[in-house]
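I opened my notebook beside the model and meant to write down each thing as I looked it up. The sequence and the structure come first, and my entries follow.

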Amino acid sequence: MERNYGLDVVRIIAIFFVVMNHVYESAYNLSGVGPHILSSQQLWSGYLGFTIGRVGVPLFLMLTGYFLLARTWTFQKV
């Protein structure tokens, strides 16, 4: 099977989104006590970055499905 560089780009984007999700979650403390002391602009920025960062997980799932379906499956025991 020939290497598809487009899939590498999707993987890089997914990694970036997952890291961004974790950074925004910890920087803005969105799950804890922090949101009530932030300004509205900081809240919007935090929730927007956190939400966009959530796109990374479905991208990883789609890549995994693609790589599993691209295999040649046999029913013989090895």
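Which residue forms a salt bridge with D8, and how far apart are the closest N and O atoms? I found that the partner is R3, with the closest N and O atoms 3.0 Å apart, where a salt bridge is a side-chain nitrogen of Lys or Arg within 4 Å of a carboxyl oxygen of Asp or Glu.

Before going on, I noted that this is a predicted model, in which local features need pLDDT of at least 70 and side-chain atom pairs count only at pLDDT 80 or more, while totals for chains, interfaces and linings use all residues. I also noted that residues are numbered from 1 along each chain as its sequence is written, and that side-chain values use heavy atoms, with hydrogens and water left out.

Entry on the salt bridges. I counted two salt bridges in the structure, and the other one joins R11 to D8, with the closest N and O atoms 3.5 Å apart. R3, D8 and R11 are therefore written down here as one network of salt bridges, and side chains of opposite charge can pair when their charged atoms come close. I then looked up accessibility (buried means under 20% relative accessible area, exposed over 50%, partly exposed in between, with a 1.4 Å probe and protein chains only). I took helices as DSSP runs (H or I, at least four residues), numbered from the N terminus. R11 and D8 both lie in α1, three residues apart, about one turn of the helix. Helix α1 covers residues 5-28 and reaches 35 Å from its first C-alpha to its last, close to the 34 Å expected, the expected span being 1.5 Å times one less than the number of residues. Its buried residues are L7, D8, A14, F17, M20, N21 and Y28, and what covers them includes α2 (40-53) and α3 (56-69).

Entry on N21. I looked up this residue of α1 and saw that N21 counts as buried because its relative accessibility is 7%. Leaving aside residues up to four places away in sequence, N21 touches F50, G53 and R54, a contact being heavy atoms within 4.5 Å.

Entry on helix α2. The buried residues of α2 are G46, G49, F50 and G53. They cover an arc of only 100° around the axis, so they sit on the same side of α2, the arc being that of the directions from the helix axis to the C-beta atoms. These buried residues pack against α1 and α3, whereas the face turned away from them carries the exposed residues S40, Q41, W44, L48 and T51.

Conventions:
Helices (H or I, at least four residues) and strands (E, at least two) are DSSP runs, numbered from the N terminus.
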